[in-house]
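Please open the model in your viewer and keep the selection tool at hand. The stops below concern aromatic rings and what surrounds them.

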Amino acid sequence: MNVLHHISLSAILFLLPLLLHQKPSSSAIILSLKKRHGSSSSSSSNQYSSSRPTSFQGNRSTCSLFMGSWVHDDSYPLYKPADCPAVVEAEFDCQMYGRPDSNYLKYRWQPQNCNLPTFNGAEFLLRMKGKSIMFAGDSLGKNQWESLICLIMSSAPSTRTQMTRGLPLSTFRFLDYGITMSFYKAPFLVDIDAVQGKRVLKLEEISGNANAWHDADLLIFNTGHWWSHTGSQQGWDLIQSGNSYYQDMDRFVAMEKALRTWAYWVETNVDRSRTQVFFLSISPTHDNPSDWAASSSSGSKNCYGETEPVTGAAYPVSPYTDQLRSVIVEVLHGMHNPALLLDITLLSSMRKDGHPSVYSGLVSGSQLARPDKSDCSHWCLPGLPDTWNQLLYTILFY
């Protein structure tokens with residue numbers, strides 16, 4: 001059985017629960033979003049349970065890949081940044097920039113009713129030989145892209161490689177295997193154009209970005225964090241929807257419109273018999289300890305000083321993160337041939353200990369003692385994105 005056929009069968013099995021849900025209309029989704037905006041989350045963990053028959057050795061029951069717990073494992077981490085020189089950037093290399101604890105590196109994701117297969121970089125190279133892989137989205141996508149490169153290089157250290165960094169496109173090549181692995185920065189996925197000196201976010205246009213994605217054999221998309229930015233961090237001056245321009249609008253509605261533009265592009269431009277498409281669900285931030293309540297081990301105002309995952313049966317997903325994730329899920333439900341949801345929101349919400357905090361290479365001196373300088377959005381490498389890629393590897397090949 002060739003690789004693409006094998007992937008297609010896995011995709012069918014994996015998507016059955018998704019396809020069985022009723023598909024709401026676009027207008028119903030927008031009304032639902034408006035009703036949810038500002039309300040508390042009423043979701044239960046069952047909403048996140050993506051189960052599929054498992055083909056992992058030694059497992060005979062139904063496997064829920066994205067439900068489970070974090071267990072301590074002294075065999076972790078799976079690599080060191082030295083295994084992939086010049087790949088892990090300063091903002092993710094927490095040990096290099098002085099993080100004093102290392103226990104956060106020693107956790108393995110344990111799904112319900114099954115075990116994840118060991119990531120084998122040599123196998124990945126053989127199965128993906130001659131193919132092009134594209135991550136497209138914001139810096140969480142870059143976090144995952146760098147993680148995957150390091151996971152592969154640690155298993156195949158003698159492989160010739162080549163890195164080219166740029167904006168919006170950065171590319172890493174495994175020369176002996178003809179594999180191109182790229183990251184394309186597109187925080188909103190849809191286009192932003194300069195019009196009369198203004199940055200215009202065009203919710204119904206995507207071709208400017210999408211031209212770079214068209215020929216990939218494996219596509220992994222993400223968006224989310226930039227939709228919440230305000231003030232100096234906001235990524236636009238105006239939003240264009242149809243023939244109208246807005247200084248701002250309901251962020252959930254704007255994100256839904258942009259994702260429907262993305263979904264239409266995927267369904268009309270991507271040959272799904274050749275190209276596999278994934279969407280990474282929302283990667284949570286840990287800026288507010290009330291999200292994990294009494295589990296805060298440091299008493300800090302955010303992820304600063306956190307050294308252990310959240311424990312217990314609860315999944316501490318904030319209402320805002322849950323609403324962002326719901327937008328993605330509802331858009332995928334509306335697709336005729338949905339992208340595969342890499343549903344990492346719950347398992348990531350437990351890892352309040354996994355962020356760079358002040359150990360990102362971007363903070364120094366007296367600022368290291370300031371919690372307000374913490375990065376509680378991205379993730380240390382090695383770290384949590386390695387698990388995202390283990391899940392990707394599992395879905396692709398098992």
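Select R99 and Y104 to begin: the charged end of R99 sits over the ring of Y104, 3.7 Å from its centre, where sitting over a ring requires NZ of Lys or CZ of Arg within 6 Å of the ring centre and within 35 degrees of the ring normal. Next select R351 and W70, where the charged end of R351 sits over the ring of W70 at 4.7 Å from its centre.

This is a predicted model, in which local features need pLDDT of at least 70 and side-chain atom pairs count only at pLDDT 80 or more, while totals for chains, interfaces and linings use all residues. Residues are numbered from 1 along each chain as its sequence is written, and side-chain values use heavy atoms, with hydrogens and water left out.

Now turn to ring pairs, defined for Phe, Tyr and Trp (its six-membered ring) by centres within 6.5 Å, with planes under 30 degrees apart counted as stacked, over 60 as edge-to-face and the rest as tilted; the count comes to 17 aromatic pairs. Select W213 and W265, whose ring centres are 5.5 Å apart and whose planes stand at 85 degrees, so the pair is edge-to-face. W213 lies in the loop between α5 (207–210) and β10 (218–221) and W265 in helix α6 (residues 251–269), so the pair ties together parts 52 residues apart in sequence; helices (H or I, at least four residues) and strands (E, at least two) are DSSP runs, numbered from the N terminus.

Then select W262 and F279, an edge-to-face pair with 5.0 Å centre to centre and 75 degrees between the planes.

Finally, select Y184, W213, F221, W262, W265 and F279 together, which form one aromatic cluster.
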